[in-house]
Amino acid sequence: AALFWLVIPQLLLFFAISDKKGGFITHWLQHPLLLWFASISLEIYLTHMLVFRVVNSVLTSLGFSNEVLHAAVGFIAMFPFAWLTKRFFVDKIGTLGLGTWDIKP
């Protein structure tokens with residue numbers, strides 16, 4: 001954790017100061033694949049442990065005891081599962097309008 005606080009603030013400051021004219025970092029962060037990953041990041045956070053536990057359970061019951069294989073399959077399965085969660089669950093909740101607060105004076 002200490003390494004994070006020593007490195008990341010300086011890195012963010014460097015990027016903020018040096019990339020104001022649409023340089024490499026700006027173009028890299030606007031790549032469609034990175035934008036797609038960013039759009040499902042909440043769903044990845046919400047579902048990653050479920051996916052890894054299910055993959056671990058299924059592969060163990062099939063006789064595969066290699067943890068690296070479990071991690072690789074879980075990592076690969078996590079992205080479609082997160083997209084499906086966003087598509088059929090989170091986006092549907094957003095269309096209900098339950099997240100809006102109408103405060104009237």
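His-70 touches Phe-52, Val-55, Asn-56, Leu-59, Thr-60, Phe-64 and Ser-65, leaving aside residues up to four places away in sequence. The model is predicted. His-70 sits in helix α5, which spans residues 67–96. Its relative accessible area is 8%. That is under 20%, so His-70 counts as buried.

**Nonpolar core**
- The largest nonpolar core has eight residues in all.
- Its members are Ile-40, Ile-44, Val-51, Val-55, Leu-59, Met-78, Phe-79 and Ala-82.
- Helices α4 (41–61) and α5 each supply at least two residues of this core.
- The most comes from α4, with four residues.
- Val-55 and Leu-59 belong to this core, and both are among the residues that His-70 touches.
- Ile-44, another core member, touches Met-78, Phe-79 and Ala-82, again not counting residues up to four places away in sequence.

**Salt bridge**
- Side chains of opposite charge can pair when their charged atoms come close.
- A search of the whole structure finds one salt bridge.
- Lys-86 forms a salt bridge with Asp-91.
- The closest N and O atoms of Lys-86 and Asp-91 are 3.4 Å apart. The cut-off is 4 Å, so the pair qualifies.
- How exposed is Asp-91? Asp-91 has 34% relative accessibility. This value lies between 20% and 50%, so Asp-91 counts as partly exposed.

Note on methods:
Residues are numbered from 1 along each chain as its sequence is written. This is a predicted model: local features need pLDDT of at least 70, side-chain atom pairs count only at pLDDT 80 or more; totals for chains, interfaces and linings use all residues. Side-chain values use heavy atoms; hydrogens and water are left out. Buried means under 20% relative accessible area, exposed over 50%, partly exposed in between (1.4 Å probe, protein chains only). Contact means heavy atoms within 4.5 Å. A nonpolar core is a set of buried Ala, Val, Leu, Ile, Met, Phe, Trp, Tyr and Cys residues joined through side-chain atoms within 4.5 Å. A salt bridge is a side-chain nitrogen of Lys or Arg within 4 Å of a carboxyl oxygen of Asp or Glu.
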